[in-house]
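Subject: Structure handover

Dear colleague,

Please find the structure below, with the sequence. My notes on what was found in it follow.

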Amino acid sequence: MTNEILLQRARNGDPEAFGELMRPHEALVWRVCWHYMENREDARDASQEVMLKAWRSLGRFRGDAGLETWLYSICRSVCTDALRRRRLRQGESVEEMVERGLDVPEEGPGVEEQLQQQERRDTLRAALRLLPEDMRTALLLSAAEQRSYEEIARIMDVSVGTVKSRISRGRKKLTEILREWEQSGAPCVQQSERRARG
């Protein structure tokens, strides 16, 4: 069955057709949500919300952009809203750190190395959050998703030249941020807060 037929049936309220239409895109939705949310539980919740929003708004999908591009924009919207709500919370408990992937064994070798790796990942994520959204998205699709320039251009609904420019400028800006943090010796979170304020 073609995508056009599935789309029409899904618009008419057929949940099986919707499921079949979305199945090839489920992995993309999950990965995009994971990159934004940075922990499994939040990514799962966001993925479910994306699919629910897609189901509810399918009637408004005109087909001007591809289905993948449309889904990506829903992912971005859902995750941005969820992150905004998350920022309202104060502090972070050990349980939340464990949810984000930090394994804290009671004792034994490797704890220090594991904490250092977690700190490097957190630093990179904090630096990525400071990039303009278009650069961050292009970088994540390229580096984390291993997407080609052509695929990224289709997903972001821009030209290949624009994608190359965003990736190049994003890498340069990311390097500058990390270098600045390294030279100042200040924790990345403090630097991140300072940049957000000024």
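A nonpolar core is taken here as a set of buried Ala, Val, Leu, Ile, Met, Phe, Trp, Tyr and Cys residues joined through side-chain atoms within 4.5 Å; buried means under 20% relative accessible area, exposed over 50%, and partly exposed in between (1.4 Å probe, protein chains only). This is a predicted model, in which local features need pLDDT of at least 70 and side-chain atom pairs count only at pLDDT 80 or more, while totals for chains, interfaces and linings use all residues. Residues are numbered from 1 along each chain as its sequence is written, and side-chain values use heavy atoms, with hydrogens and water left out.

Core. The largest nonpolar core has 48 residues, and those touching the most other members are C33, M37, V50 and W70. Helix α5 (residues 67–87) gives the most to this core, with 10 residues; helices are DSSP runs (H or I, at least four residues), numbered from the N terminus. Apart from neighbours within four places in sequence, V50 is in contact (heavy atoms within 4.5 Å) with V29, C33, L71, I74, C75 and V78.

Cavity. A cavity is a set of points on a 1 Å grid over the protein atoms alone where a 1.4 Å probe fits but cannot get out, and lining residues have an atom within 4 Å of a point. Grid points are joined across faces, edges and corners, and a volume is the space filled by probe spheres set on the points. The largest cavity has a volume of about 40 Å³. Its lining consists of V32, H35, Y36, Y72, L140, L141 and E145. Two or more of these residues come from each of α3 (26–37) and α8 (133–144), with α3 giving the largest share, 3 residues.

S142. This residue is in helix α8 and is buried, at a relative accessible area of 15%. Beyond four places in sequence, S142 is in contact with R147, I152, I167 and R171.

Confidence. The mean pLDDT (the predictor's confidence in each residue, from 0 to 100) is 79 for the protein, and 79% of its residues reach 70 or more. Helix α4 (residues 40–57) has the highest confidence, at a mean of 93, and helix α11 (residues 188–197) the lowest, at 46. Residues 104–109 have pLDDT below 50, and this stretch has 3 contacts in the model beyond near neighbours in sequence. Over residues 189–198 the pLDDT also stays under 50, with 10 contacts beyond four places in sequence.

Regards

Definitions and conventions. 1 Å grid on protein atoms, 1.4 Å probe; cavity = no way out; pocket = protein on both sides within 12 Å on 5 of 7 lines; lining within 4 Å.
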